[in-house]
Amino acid sequence: MMEEHTARAAAAAAVSLPLHSESPHISRRATAFNRVFAAFYAAAILTLFYYHLASLLYPASFTSFFVSVLLFISDVVLALFWAVTQTNRMIPLRRREFPGNLEQLLKKDSDFPALDVFICTADPYKEPPMNVVNTALSVMAYEYPTQKLSVYVSDDGGSALTLFAFIEAARFAGEWLPFCRRNGVVERNPDAFFASNKDSNSEKEKIKIMYEKMKMRVENALEKGKVEDEFIDGEEERMGLDKWTKSFTPRNHPPIIQVLSESSKNKDMPNLIYVSREKNAASHHHFKAGALNALLRVSAVMTNAPIILTLDCDTYSNDPQTPSRVLCYFLDPRVATNLSYIQFPQRFHGLSKNDIYASEYKRLYLFNPVGMDGLLGPAYLGTGCFFARRSFFGGPSSFEAPELSNLHPNHVVETPIKSREVLDLACVVAGCEYETHTKWGSKLGFRYGSLVEDYFTGYLLQSEGWRSIFCNPDRVAFYGDAPMNLLDAVNQVKRWVIGLLEVTFSKYSPVTFGVRSIGLLMSLSYCHNLLWSFLFFPVSVYAFLPQLALINGVSIFPKVSNPWFVLYAFLCLGAYGQDLVEFLLDGNALKKWWNDQRIWSIRSLSSYLFASMEFSLKSLGVSGFGFNVTSKVVDQEQSKRYEQELFEFGASSPMFVPMATAATVNLVGFGGGVIGIWRSRGVWEELFGQMVVAGFVVANCWPLYEAMAFRKDGGKLPPKITFLSFFLALLLCSFAAFLF
């Protein structure tokens, strides 16, 4: 099968029209300006270090020495973070695809390479089955030969409710897919289509009624917590659902593989396969990476497509032509030889007007991938990514053979997917003990060893000699769901940071292993994310230290008339200015940038801080951590507050305490500074820098003050968090009075 794919790529060399092009993302003049600015900024950083070292060598007192140490360490971390960010600004690339030129190569359906789609879900109550169904239907409706397309749904929660939802989806797909093709529908997620298309006709109304009936049946079953006999229509469905016996639990059950549609039996339908890998309490299941590896093996036995698309359960297709864009690269022999994956940006629907939680992650999902594409290619972002199956079996020139010939990427599947032989072998490779004493997770498949299996897998694939490509077409290829409350947002990032720390302190750290395997610039680019966890220190220092000194009328920054003040001003305004310009050039509003930098501070005092604490405790054997699924369920009141751009606290969490304490200290510090300057007008020059910092934090913390004192709705900050933050602020102020 891979030989056919390679042969097509070789044939592409003879085509007269290009399949894609690349050009600098920004003009040469802008690139030159960035590099000149970076040189001046780097010189300013070194000058700042000189200033700190001089302060350390000749301290006026123990307190000034202590303050200088904290500021020096903080500035070193911030300088490193700025430096690694520059690697993604050096060679940014813009790519363009020409899918219309594929007609030269793909003259009939049999010329297309097969495509397997992996969709992962884990909990029907946090990830509603109808969301997963809409994702699956959107890719089942791709403009792609149905006999070449297979969709695999991994249900790691082992829920009969999810299987039932897909039994219903397979029935509805028989009407939905032909409807989309007949009418040239572009939005092929039914929920998104009916929400955005208000025009009515008899055919559309008929389809909509069918969809609403399916949705009602699925949601009724979910509400009752089980699939009752009234929901089961046929004997085949009953046999599948009868596998959920009394001893069946999400963490202890046999493998279940159910073929819900078969392209060889219905030319309008691709293959749709439900997979729930075996679970038991005695085996480590490796979270999402383990689920993806199970799908990799099961799909190898059943269809073994040379191209694989991985999707989160909430990431639906927004463009049915996306596979054609991917083929523009996979069928080009100039890039296909060592091309592992093609990553699309993560985009989100339903965001508030100014994205109050900065859920778009512009730097992570757009700016960094564009910059990395000029090196070895973007990191794997976990969803919206097309892989060459071959890349999961060793490097381009160092093949790692699997333990079974049926799992070989070149294995040709000739047996029907519903045959007993195929299904039995699929159940074997989906077993929880199958990977024991094999190379899965280390040399084969998605890699184990980190909660961020996407980052780790992409990084190790590039270390083996593969490269990747960032594809960012004008029409968004995929849309996903973003957290709609602050706790889910910071918990999600905390999980990522724990995973990044696992990579940082492993033998595969980009700081050591990465420099040797992918080069200095690429390893520095990967270090951008690794440094997240260390940002809690400088942000904590600048959120508390200048303000506590201000309360006591003590200056810790150079006064305005001192030339060193100009250096501080340049470094601060330069960093924020560069970030702002990047946001504005991407077409974002100023308020969206403001929200992004505010959430950066909030994450530092919550996600980054608590991730570092949890990882440290785990390393000492004090506690463990697991994979928590981010909830995709939102109630109406919460949704209304989100649209109004009100911060949603609601639930009580210790992660809210540091940010609430910082808000309190800064408000007191700013007020104290104003009073001090009013009483003694001559000190304003000495305290001006601290007043600016405190004022900036106070402006950033307005949503917190609002939630602490003014709001009465369910999203306000819980009173016990407010009380605890006041108490801690009082303790810090008392300590500062002693220190200063």
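# A sheet and its salt bridges

Visitor: How many of the 6 residues of β5 are buried?
Guide: This is a predicted model. Strand β5 is largely enclosed by the rest of the structure, because the buried residues in this strand number 5 of the 6.

Visitor: Which strands stand at the edges of the open sheet?
Guide: The sheet has 8 strands, ordered β5-β6-β4-β3-β7-β11-β9-β14, with mixed pairing. An edge strand has a single partner, so one side of it is left without a neighbour in the sheet. That describes β5 and β14.

Visitor: What is the average twist from one strand to the next?
Guide: The open sheet runs from β5 through to β14. From one strand to the next, its twist averages 20 degrees.

Visitor: Which residue in β14 stands opposite L339?
Guide: Strand β9 covers residues 339-343 and pairs with β14 in the parallel sense over 4 bridges. Strand β14 spans 467-470. Opposite L339 stands R467.

Visitor: At what angle does helix α5 run to β5?
Guide: Helix α5 covers residues 160-183. It lies across β3, β4, β5 and β6. Its angle to β5 is about 15 degrees.

Visitor: How many residues apart in sequence are the parts tied together by E582 and R89?
Guide: The two side chains meet in a salt bridge at 2.8 Å, N to O. E582 lies in helix α19, and R89 in the loop between α3 and β2, so the pair ties together parts whose separation in sequence is 493 residues.

Visitor: Is R182 buried or exposed?
Guide: R182 and E203 meet in a salt bridge (2.3 Å, N to O). R182 lies in helix α5 and E203 in helix α7, so the pair ties together parts 21 residues apart in sequence. E203 is partly exposed, at 26% relative accessible area. For R182 the value is 55%, and the cut-off is over 50%, so R182 is exposed.

Visitor: Which residue forms a salt bridge with K592?
Guide: The closest N and O atoms of this pair are 3.2 Å apart. K592 lies in helix α20 and its partner in the loop between β10 and α12, so parts 232 residues apart in sequence are tied together. Both residues are buried. The partner of K592 is E360.

Visitor: Which residues do salt bridges with shared partners join into one network?
Guide: The count of salt bridges comes to 31. Shared partners join one network, made of E22, R95, D373 and R467.

Visitor: How far apart are the end C-alpha atoms of residues 655-675?
Guide: An unreviewed UniProt entry annotates several spans as "transmembrane region", including 565-585 and 655-675. Residues 565-585 are 100% helix, with end C-alpha atoms 30 Å apart. Residues 655-675 are 95% helix and 0% strand, and their end C-alpha atoms are separated by 32 Å.

Definitions and conventions:
Residues numbered from 1 in each chain as written. Predicted model: local features only at pLDDT ≥ 70, side-chain atom pairs only at ≥ 80, totals over all residues. Heavy atoms only, no water. Pairing = 2+ DSSP bridges. Helix = DSSP H or I, 4+ residues; strand = E, 2+ residues; numbered from the N terminus. Axes fitted to C-alpha atoms, helices over the stretch in contact; angles between N-to-C directions. Contact = heavy atoms within 4.5 Å. Buried < 20%, exposed > 50% of the residue type's maximum accessible area, 1.4 Å probe, protein only. UniProt positions renumbered as here; feature names shortened; annotations may be inferred. Salt bridge = Lys/Arg side-chain N within 4 Å of Asp/Glu carboxyl O.
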